[in-house]
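Please look over the sequence and the structure below before reading on. The paragraphs after them form a guided explanation.

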Amino acid sequence: MDIIHLLPDSVANQIAAGEVIQRPASCLKELVENSLDAGAKRIQVIVRDAGRTLLQVIDDGKGMSEMDARMAFERHATSKISQAQDLFSLRTMGFRGEALASICAVAQVELQTRRPEDEVGTLIEIHGSELVRSEMCSCPVGTNIKVSNLFFNVPVRRKFLKTDQTELRNLLTEFYHIVLVYPKVSFTFVHNDEILLELPPGTEKQRIEAVFGNPKRNVYTSGFVDVNTDTELVSIRGFVIKPESATRKAEQYFFVNGRYMRHPYFLKAVQTAYSGMLSSDYQPSFFIYFDINPEAIDVNIHPTKTEIKFADEQTIFQILMASVREALGKFTLAPQIDFDTNGSIDIPISHDGPVRPPQVTVDPTYNPFHTRSSHTMQQTAAPQWETLYPSVSGRSNEIYQDRLPSSIIPAETGPHIPVFDAETCPLWQYGGKYILAATPEGLLLINRHRAHVVVLYHQFMTMLSQDQCAMQQLLFPEVLSLQPDEMVLMSQLLPDLKAIGFEVEQLTPDSYSIQGVPAQLANQSPIPVLQYILSQVREREANTQSEWREQIALTLAENAAVPYGRDLTAEEMREIVQRMAQLPQFARTPDGKTIVSLMTDDEINKRF
Ligand code: ADP
Ligand code: MG
């Protein structure tokens, strides 16, 4: 029986129009979702040149009749909904009937498909919406769809695609979003004849391990606790990381009714549940699956968007926060969790309190103002830390002077900064954290760690643009193990990481060996630093070189800056203030944290 019919126009118009296929990743998503909707148990993805040349999806689903196979490529042809009301109770991934029509309009598509009840299958070939071949064929049950030369007839779109590495990363990200909600389906992902992922069927937890588990760290077998809450409104299941297993590189996934979603507000609920348990730069990893009546959410949004609107977000926020807390309280011994605070949703996220120390070891005798001469290998001209500075304050500044790092600075004006003489103004330090400077307009409070971060940030940016670095060889090379998408990302960042002083080399298909680090990081383990860079670049979608350079420079600066606590010498204090004052802007750090705050004369006088 043929099962596909055309949607009436009135319904079609209710469905948000838009470009469904923007890049190979969106095409992959549509194809794999179709396979899942067809009940496939095994799905193979074969990609060439990050999807530019070929994107092929082979499934063992229910296949299509000859007539359906032709209908499938018509606009608004779908077997999944037939009237407007159906839009509000969706349980399938697709429903718009737009995907295949859009794909075949911009690519060369070959489809082979057979239903279990049919003896022979159907082969259809369409190039740019034009049917070029339609015949019977012998093929296994299921559907095999090959999309070649995507955007072959839309040169502008083709040009718009990013590098292969970026597009491949996008493909893998999209793939992760899907495979994590279908653990019972087996998947493979092959790129240019190399198997990047092979995922056998299993439980959700096994799937998460298969995708993210790093056998060397063994984090994913032991580091997570279950979340499990059932209420009338929503059921929440999943896994959240134990505070002591958290790292700076977090995997954060929300799914609702089998779809990946981004949800900054719910993310805040999870972060709030962890407040006081993680140090400030650590993030909780989680995989949280919501199940909710489809009528209570709105998925009828642009097909490429991953935001989903919930009817009762505040209540779900509360339930989510409470269930994460409960999970953490049940399975971790410390710290004590205060359930009384559940009532308000405006709980400030505190980064203070009982904090487990980060894994980087801090050498209290380390002086960031002096490169350790003993075993520093100078790779290029830059013998002493100090000598790197003239280039920062001098000519090279023009390279990025006045250009706020667009990707990381929020568009917001900073606090008023008085004019003052950084060479002579009196300085004091306070609380192991602040420098106080007397200026003609009042007392300038300077967060000294952040001041040092912004100074180092500009230094690193200069080093990146001029390819001059001071590298320190490690006595014992360290190994950085990565997932496939991170390997892709790493190869993309490699030239810049080398330019800034990392000596790295690919060791195996899923690891790099680190043999040298920037001299400023000489006393730290490079692994967490590199992992953090990768996660930040990915999270902030830093897709251009200037964006990821900003991220690399910022991460290194944060790690190399003098930590809070130790008192500085008078010279060190002066040096930080002077160098800071020479920068084009020092009101905020590149990621928007306040560095200086003025207590005006007036304010001081009013106190007396
Ligand atoms: P939608 O998924 O929104 O219905 P598509 O354009 O993606 O629209 O697909 C159109 C129709 O083609 C689907 O409704 C389905 O009936 C059929 N179809 C597409 N891919 C497959 C597949 N892999 N196996 C079986 N049927 C498929
Ligand atoms: Mg579809």
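This is a predicted model: local features need pLDDT of at least 70, side-chain atom pairs count only at pLDDT 80 or more; totals for chains, interfaces and linings use all residues.

Residues are numbered from 1 along each chain as its sequence is written, chains are lettered from A and ligands numbered from 1 in the order in which they are written, and side-chain values use heavy atoms, with hydrogens and water left out.

The protein chain contains 17 helices and 24 strands; helices (H or I, at least four residues) and strands (E, at least two) are DSSP runs, numbered from the N terminus. Of its 608 residues, 54% count as buried, where buried means under 20% relative accessible area, exposed over 50% and partly exposed in between (1.4 Å probe, protein chains only). Among contacts in the protein chain with a separation of 6 or more, 72% join residues 24 or more positions apart; contact means heavy atoms within 4.5 Å.

Helix H2 (residues 24-37) packs with helix H6 (residues 164-179) at an angle of about 25°, and their axes are 8 Å apart. H2 is therefore roughly parallel to H6. Axes are lines fitted to C-alpha atoms, for helices over the stretch in contact, and angles run from 0 to 180 degrees between N-to-C directions; angles under 35 degrees count as roughly parallel, over 145 as roughly antiparallel, 65 to 115 as roughly perpendicular and the rest as oblique. From H2, Pro24, Ala25, Leu28, Lys29, Val32, Glu33 and Leu36 meet Glu167, Asn170, Leu171, Glu174, Phe175 and Ile178 of H6. The residues of this contact comprise 8 nonpolar, 1 polar and 4 charged; Ala, Val, Leu, Ile, Met, Phe, Trp, Tyr, Cys and Pro count as nonpolar, Asp, Glu, Lys and Arg as charged, and the others, Gly among them, as polar.

H6 is largely enclosed by the rest of the structure, because 12 of its 16 residues are buried. These buried residues include Leu171, Phe175 and Ile178.

Although Val45 and Phe175 are 130 residues apart along the chain, their C-alpha atoms are separated by 9.4 Å. Beyond its neighbours within four places in sequence, Val45 is in contact with Leu28, Val32, Gln56, Val57, Phe175, Thr188, Phe189 and Val190. Val45 is buried, with a relative accessible area of 0%.

The second pair is H14 and H15. Of the 14 residues of H14, 13 are buried, and the helix is mostly covered. The axes of H14 and helix H15 (residues 545-560) come within 9 Å and cross at roughly 145°. Val529, Tyr532, Ile533, Gln536 and Val537 of H14 make the contact with Trp548, Gln551, Ile552, Thr555, Leu556, Glu558 and Asn559 of H15. Here the residues divide into 7 nonpolar, 4 polar and 1 charged. Just after H14, Glu541 takes a positive phi of about 50°.

Positive phi values also occur in two loops. Ala50 lies in the loop between E2 and strand E3 (54-59), with phi near 55°, and counts as buried at 1% relative accessibility. Asn257 has its place in the loop between strand E13 (252-256) and strand E14 (259-261); its phi is near 45°, and Asn257 is buried at 18% relative accessible area.
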